[in-house]
Each structure stands twice: as structure tokens, then as C-alpha cells.
Amino acid sequence: MTEAVKMVGITKKFGSVTANNGVDFSVHAGEIHSLVGENGAGKTTLMRVLYGLYAPTEGEIWINGEKVEFSSSLQAIQKGIGMVHQHFMLIPRLTVAENIILGSEPGSRFKLDRRGAVRRIQEICDQYHLAVDVEARVCDISLGMQQKVEIVKAIYRGARILILDEPTAVLTPQEIDELGIILKTMKNQGMTIIIITHKLQEVKNFSDRITVLREGRLVTMVNTAETSVEEIAYLMVGRRVSLGGKKKSEPGTEPILQMKNICVQDQGRELLKDISLEVRRGEILGITGIDGSGQDILVDVINGSLRPKKGTILLGGNDMGNARPDKRRADGIGIIPQDRHRHGLALDFSVEENLVLGYQRNKRYESRGVINFRKRREWARQAVSQFDIRPRNENLPARALSGGNQQKILISRELQLDPQLIVANQPTRGVDIGAIENIHNILTEQRERGKGLLMISMEIDELMALSDRIAVMYDGSIMGVLDIREATREVIGLMMVGHSKEEAFAAVKEKGDGCHG
């Protein structure tokens, strides 16, 4: 088959760090090709070399049989390569059409041919079945729609080879399924698509072939039809991986956390609307919703950094009232924050210092203003060993560790005082599959010990594997709480976009009956 992309012996060094080491990578014309590997494997670096953002230290690039050398992304675009980044490059206050043509405006030097641009955009949308509202402002459309805009923008600039970096990271289940249909339509019309992703089921569902990188080197290339999710994970990590933890007991019925009629307002806007939830002993309550549905506000209310306008919060039956965050932590709440760099770690502090951050004045480490360095060091060495924090050196600065090991610091820190409630906000975001397995095991172990866990995640498969119940949020409201035995991706996806639990079940049933008929 014709090779649309051929990269030979690609090495990319950043000072003394080698991100890609002699990588050979090829993609057939008209195929969907997945590029997978753990964090730091060199996937995004390799694609940035292909897109002209980085110049390779060594190696050659061939596009459709022609050897090329890119010194900028503009040169890659001129050769028909487009890239949709994980974080969309759109200007919120501009319309869809204005974002798409920005930098490639049609018409003369003195007059913009807006009508012609809109006509061309509509032709692309019709050709690839990409439903977008060209006159809508980007700030008013969903994340799924924004992704379509990025795809249209790349095609508008002439892309025939499209790179998608983590394309499903912020999408609902229905949007993921729709993206799969769109990609296959594009493939059938001759587009070549490369997907960087860590979601292995989607790798199986979308792609024709898979290339696996590990530690900057090529491991193998396999035909998707000839492998399994388990085998792909093994190739990525170098050992067998089992996700989902190990739940052995039934969840309890005694509530640890009770939230009753919680309302939060900011400048007249309702951020949380009459929220009532409870987390029971020995259960994991999952929370999901599209970004900005109120999940982060919920965490701020629980940890005490945000006071609700009205409502009651009980921990173990005791009213937390207006207790400050430090008091709540002392009373038994552990918080694993969403953004470990902004809200969890002091990156220039050592692993040991980060392991006590926020707890440094606890009597375990301080007495009458005197720090007990011996106790602190003992705890750090114990945590590094118990939670397998690597490298096993508590004196290293936190920034020297990988994302997965930084996350282990946060988790071990929040578990050290044996909290009765653990709030985990996106606990596996941005970590590789080996670390995900470790984190899942830690969380389910805490559940088996009778702790209550509130876990917020955009990863539906993760929630369905770990949770006992799942609450779905939309626009500051709880659309319903699902027992794990009744939860499906389809129902959760409909609730994420504003359907009640009852409406979602009815819609899925109607669709099923229609298909059956």
C-alpha cells in the first residue's frame, strides 16, 4: 500500500533528554492509525516533529513518497498535514467561520470574501458529515462541536493527513461514538488519520493499525484486528495490567457524607442548584458530567474553600457548618485535587516536604512549634515504599518525578491520617496505564477498609469499573444517581447533556425497540 507518512530513524533530543530514539513510523494512505504508549513514551513529540513544530535531531521524513524537511508547521500544512491539539486552538469570542478562516482569509488584499469562505466551509461539513453552526460563537458551542470546528479548520487549510491528539478526552460517550463515525467517513473518502490516545478500547474501535512506543523507542506495529486491549496494554507497559481494582464486599448503608439542598451562587448565577447527595461507608460514589457542570464547585464546597448560600453538609452525622479546610481535613476528609501542579504540589519542594504539605503542623510532625524531622523522614520513607513512588528517593524535588509518581505523592499524603472520606477529583488524569492500575488498586483498597470515596472523573469506563453508584451532573444540577447495575454508557451520556435519569432510560429503550423492530 502507498505510504502517506514514512519517518525513518527519528531521534529528538532536548539537551541531555532523548524523547525519541531512532523511531521508524509509517502510515498507509487512507487508514486510521493509532499511536499509543505511556506518558513520556514520545508519542506527542514524534507527531510534533511530523507537524513541523520540532526539527528532528536525526532522521528523515517522507510524505507521499517525497522527502521533506520542515522548519515550521506552515510548511507541514502546505504539504497537506493538519493537527488537532488536545487543547483546542480556538478564539472563544469569534464565530465558527471566523476561527476556521483565520490566517487563511479568502479574497483580495482589501476585501474579505466571507460568502465564499462560508460556502467552502459548508461544502467540507457536508462532505464529511460534520454538523457545525458556522455563525455560532465558539464560546456558545459544546466541546464536541469545537472539536469538529478544529477538524474543519484543518481540512479547510488543505489537510489530507490529520493528526488528532487525545481526541476523546473531553467528549461524552455519544460524542465519542459520533467521532468514530466521522473518522471512518473521512477515511472512506481518502483521508489519512493518526490518533494519539491512551483509551485502548477506542484504539480497537477506531483504528486499522497500531504503533506502540515505550521510553522513546518503537516497540512494535500491529494490525488492530489481530490484537486485544489486554495485549496493547502489555506492549505499552511491558507487563500484564489489570484495571478497575478489586472490589470484594458489598457497599455499606451508613452515610459518611450527607449533602442536603446545597446551593451556590456567584454574581447572581447559580453554580450548584439544590444538590443533595450522600456517600456511604465502603462505597465509591462516582460523579461525572461534561466539564464545567459543577463538579469542581462541589469539591470546593466539601473541602470548605467555598461556602454555599444555603444547605447542610454532615460528616459522620456532624454538621461541618463553616469549618475551614484545615479543620475538615483534621476531622477526616482527604482531598486529591484535579490539578496536581496548581493545587497539589510545590514542585521545587522535595518529595518528603510534599508528603506533609498541609499537614506539617499536625502533632505527628510538630510539637510546640518544633518540627520533628525524624518522624517526617520516617513517614516519607514509608510512603515512598508503600505507594511505590519512583525513584525511591524522598530528597528529590517533586518536579523530577513523572506525572504518575507525582499523583502517588498526593494520594499517599491524603491517606496518611486515615480519613473517613476521600474525595478524588480526576485521580488518573494525565497518568499512564501502569500508574492508573496502581491508583485503582489503592482506591478500591480504601473502599474495602470501609472508607467512603467520592470520585469525580470524565472517564466513563473508569467510573463503571470502580463505582458502586454514579451521579451525573449537568449545569450545576444532579440529573440522577445510577446504581452500577443499571448504568450504561448510553444512559450516562444522555444525562451528561441534560436529560433526567427517567428521560435517558426512556430514550435508550425507544432506540433499542426501534432497532429491534
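Asn20 is buried because its relative accessibility is 0%, where buried means under 20% relative accessible area, exposed over 50% and partly exposed in between, with a 1.4 Å probe and protein chains only. This is a predicted model, in which local features need pLDDT of at least 70 and side-chain atom pairs count only at pLDDT 80 or more, while totals for chains, interfaces and linings use all residues. Residues are numbered from 1 along each chain as its sequence is written, and side-chain values use heavy atoms, leaving out hydrogens and water.

Asn20 sits in strand 2 (residues 17-28); strands are DSSP runs of E with at least two residues, and helices are runs of H or I with at least four, numbered from the N terminus. Here are two distances from its side chain:

Beyond neighbours within four places in sequence, Asn20 is in contact (heavy atoms within 4.5 Å) with residues including Ile10, Lys12, Thr45 and Gly216.

Now to the helices. Helix 6 (residues 173-188) packs against helix 17 (residues 489-496) at about 110 degrees, with axes 7 Å apart. The two helices are therefore roughly perpendicular, a label for angles of 65 to 115 degrees. On the helix 6 side, Pro173, Gln174, Ile176 and Asp177 take part, meeting Arg489, Glu490, Gly493, Leu494 and Met496 of helix 17. That contact comprises 4 nonpolar, 2 polar and 3 charged residues.

Lastly, Met455 touches, among others, Ile284, Ala424, Leu443 and Leu466, not counting residues up to four places away in sequence.

Definitions and conventions: Axes fitted to C-alpha atoms, helices over the stretch in contact; angles between N-to-C directions. Parallel < 35°, antiparallel > 145°, perpendicular 65-115°, else oblique. Nonpolar A, V, L, I, M, F, W, Y, C, P; charged D, E, K, R; others polar.
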